[in-house]
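Please look over the fold below and report on its core, its overall dimensions and a few individual residues.

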Amino acid sequence: MTTDATTDSTRTTGTTLQQIIAEQEEIFVRRQPQSARLAAQARQYLAGGVTSSWQITAPQPVWLSRGRGSKVWDVDGNEYVDLHGGYGAALAGHAHPAIQRAVASQAQNGTHFAQPTPDAVTVAQELAGRFGLPQWRFANSGTEATMDAVHLMRSITGRDLIIKIEGCYHGHHDSVQVSVAPDEEEAGPRQAPASAPSSTGIPRAITDLTLIATFNDLDSVARLLDEHRGQVAGMIIEPIMMNAGIIKPQPGYLASLKDLLHQHGALLTFDEVKTGLTVGPGGVTRQENLQPDLITLAKSLGGGVSVAAIGGTAEVMGHVASGGYEMVGTFNGNPLAMAATRAMLTEVATPEAYRRIESLRQRAEAGIRRAIDDNGLTAHVVTAGAKGCVVFSGEPVRNYRGFLGVDDRYSHAHWLYQHNGGVFLPPWGKIEQWLISVQHDEADIDRLIENFTGFAQAAQAAQAAQAVQAVGPARSED
């Protein structure tokens, strides 16, 4: 494994955060010349030189060649412990034997029919048992799943308005591309967040149909329901916020939210695209013992194969069954996706696997917390099942406005340091989380901790220098 950040010749020597970032970016680029060449070539044929805008990272995109188990390799041959996990999709790790067998077997018998196959029944039955919602349909991505959920809430209620949480991401369809990551200037008053467009190309008339509430704040939802009485179709929410690090719900918040919405004739959708199988075998829904009206799943569901699911109560999904809302898609329930998902649910995401992940979660959290304490670093670690992150703040973050106050430069510097030390975390600084797969082991977690310990020493020195700079130079007595 090539790990420049852990060698004496490339350890950070800078005492300011800017110096640490500059040094680590220089190491980053030096280790990946082939990635740089591919990036230059790709710009001729791929818009922005990548296949998704989220792959445009500083100082340059990382081009990967293969993955196996808990590791990935870039095109320069550098090996990484993969805690990026394809933005949370690789809970199975890479090339898991059960997923390989399922996909290969189905591929020999046809890759697409646009008709149901027996695996679809097995998958729906398994999801019903895990999440407690009796009826299901399938889609191909989290965006498609949440789009159907929003459409369904509007179709059932005959109402146009929906509520979403400030700072939550639910995909890139028009209704939810609102206040995903607004700057403080465009976010509006803290007590009444604005419906800020999160993308160009979306008419204001559509944006205005999405009202914005604050996470962990029932009063903000009650205010919107009162101001728009009888007009709100429902609310979509990540039950654990995962577009702002990890922000957990306060005790009783989700249950009270469901009751409040139902009192106003509105529906509740849990977007568990990111939390579904990663927080636990039945997501936050099972963890909280609370069934919403609708739930959306994707990412880790297919073991690395693109698939999504929408589950609902008998009453809600009865509206689909009766033709009240057409939930359609050429690739919905694709046989390859169903085969992979069946393997994921029955052979990969098992009770034994979750016990293993929990042990590794505890190991990672304890080791990182110890490094924070030993170095007096202003930070804390937050975990939820297979997911975790370091928040560079002394105070817990309860909502998006608290998240805005976290200095993103520390998160970017940490990402660079881990990457150069052979651990691939998701980029985009303070927004994302790591993912522990069923194929990680103690040595993988220990490398994460070892890299973080080195970074914590450098970051603490930078925090101390920043504090001195803020106070100003000491003055001698006259």
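The largest nonpolar core holds 111 residues, and Leu127, Ile237 and Phe452 touch the most other members. A nonpolar core here is a set of buried Ala, Val, Leu, Ile, Met, Phe, Trp, Tyr and Cys residues joined through side-chain atoms within 4.5 Å. Buried means under 20% relative accessible area, exposed over 50%, and partly exposed in between (1.4 Å probe, protein chains only). Helix α17, residues 442-471, gives the most to this core, with nine residues. A second, separate core has 21 residues, including Ala233, Ile236, Tyr325 and Met327. In soluble globular proteins, nonpolar side chains tend to be buried together.

This is a predicted model: local features need pLDDT of at least 70, side-chain atom pairs count only at pLDDT 80 or more, and totals for chains, interfaces and linings use all residues. Residues are numbered from 1 along each chain as its sequence is written, and side-chain values use heavy atoms, with hydrogens and water left out.

Back to Leu127. Contact means heavy atoms within 4.5 Å. Beyond its neighbours within four places in sequence, Leu127 is in contact with Gly132, Trp136, Phe138, Leu297, Leu301, Ala309 and Leu345.

**Overall fold**

The chain has 17 helices and 14 strands. Both are DSSP runs numbered from the N terminus: helices are H or I with at least four residues, strands E with at least two. The radius of gyration is 23 Å, close to the 23 Å that the globule rule gives for 478 residues, so the chain is as compact as a globular protein of that length. That radius is taken over C-alpha atoms, and the rule is 2.2 Å times the number of residues to the power 0.38. The C-alpha atoms fill a box of roughly 80 × 65 × 45 Å along the principal axes.

Buried residues make up 55% of the 478 residues. Of the contacts with a separation of 6 or more, 73% are between residues 24 or more positions apart. The accessible surface comes to about 20,000 Å², and 50% of it belongs to carbon and sulfur atoms. These areas come from the Shrake-Rupley method with a 1.4 Å probe.

**Individual residues**

Which residues does Ile56 contact beyond its neighbours within four places in sequence? They are Gly48, Val50 and Trp428. Ile56 is found in the loop between α2 (33-42) and β1 (64-68). A cis peptide bond joins Ala58 and Pro59, with omega about 10°.

His172 is placed in the loop between β5 (161-165) and α7 (184-187). Leaving aside neighbours within four places in sequence, His172 is in contact with Thr143 and Gln177. Its C-alpha atom lies 28 Å from that of Ser65, 107 residues away along the chain.

Tyr87 has a positive phi of about 55° although it is not a glycine. Tyr87 is found in helix α3, residues 85-88. Ala95 is not a glycine either, and has a positive phi of about 55°. Ala95 is in the loop between α3 and α4 (97-107).

The accessibility of these residues is listed below.

| Residue | Relative accessible area | Class |
|---|---|---|
| Ile56 | 41% | partly exposed |
| His172 | 55% | exposed |
| Tyr87 | 13% | buried |
| Ala95 | 30% | partly exposed |
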